[in-house]
Amino acid sequence: MIVVNLDVMLAKRKMSVTELSQRVGITMANLSILKNGKSKAIRMTTLDAICAALQCQPGDVLEWRPDEAAQADRPEPQPAPEVATPPAPKAPPRRRTIQKAAQPKAKKEAAPARRKQSRKPTPPAEPAPVRYLTVDTHGSRLNLRDTGSRNGSVVARLPSGARVELLETDGAWVHVRWEDKTGWALAAYLKEL
């Protein structure tokens, strides 16, 4: 475990925590957390500033000691137990079989014919109803783009009041068909018929 000896170095240099805090430029609260060993990390720049203020080496401030609690909890290594391999199982003794005279095989009785159950054909799935939208741009034209983005190339310019078929939606953009062209337009300028 890492032990912080900041209080020892402060006593050796006859410096207060307040004075060190001002010289290093960190708050009293953070310096107190570091001094009490409650800190999880320390920046290299902070350690450099502390060492400069106290005229010491990083090893004077930080010290590594073996963790006694961890050493006590750690079990002694045990040698691996030897695993005895079991002997291979013996094959069972072979029995002699007495051959019987060949008897004619009995004919199997025919199983009664199963009646085929008539299955009702499943009706074809109904296509989704076609939805139409109208362009609502108050007289100006709406750009129809090749992708659902303002960066997409303009495929066509839809006049206000044009009727388009809705193919799919993706957020603020809708994929539509107008005459023989398909593309993406902003949904804000389209309304349901």
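1. First, a definition: "buried" here means under 20% relative accessible area, "exposed" means over 50%, and "partly exposed" is what falls in between, using a 1.4 Å probe and protein chains only. Keep in mind that this is a predicted model, where local features need pLDDT of at least 70, side-chain atom pairs count only at pLDDT 80 or more, and totals for chains, interfaces and linings use all residues. Residues are numbered from 1 along each chain as its sequence is written, and side-chain values use heavy atoms, with hydrogens and water left out.

2. Start with helix α1 (residues 6–13), where Leu6, Met9 and Leu10 are buried. Looking down the axis of α1, these buried residues fall within an arc of 105°, so they line one face of the helix. (The arc is that of the directions from the helix axis to the C-beta atoms; helices are DSSP runs of H or I with at least four residues, strands are runs of E with at least two, and both are numbered from the N terminus.) Ala11 and Lys12, on the other side of α1, are exposed.

3. What sits over that buried face? The cover of α1's buried residues includes β1 (2–4), α2, α3 (28–35), α4 and α5 (58–61).

4. Now α2 (residues 17–24) against α4 (residues 44–54): their axes come within 9 Å and cross at roughly 120°. That makes α2 oblique to α4; angles under 35 degrees count as roughly parallel, over 145 as roughly antiparallel, 65 to 115 as roughly perpendicular and the rest as oblique. From α2, the contact (heavy atoms within 4.5 Å) uses Leu20, Arg23 and Val24, and from α4 it uses Thr46, Ala49, Ile50, Ala53 and Leu54. By class, that contact holds 6 nonpolar, 1 polar and 1 charged residues.

5. α2 also packs on α3, with axes that come within 10 Å and cross at roughly 115°. The two helices are therefore roughly perpendicular to each other. Here Val17, Thr18, Leu20 and Ser21 of α2 meet Met28, Leu31 and Lys35 of α3.

6. Two loop residues deserve a look. Most residues other than glycine have a negative phi. Gln55, in the loop between α4 and α5, has a positive phi near 50°, and it counts as exposed at 63% relative accessibility. His138, in the loop between β3 (131–135) and β4 (142–145), has a positive phi near 55° and is exposed, at 75% relative accessible area.

Methods:
Axes fitted to C-alpha atoms, helices over the stretch in contact; angles between N-to-C directions. Nonpolar A, V, L, I, M, F, W, Y, C, P; charged D, E, K, R; others polar.
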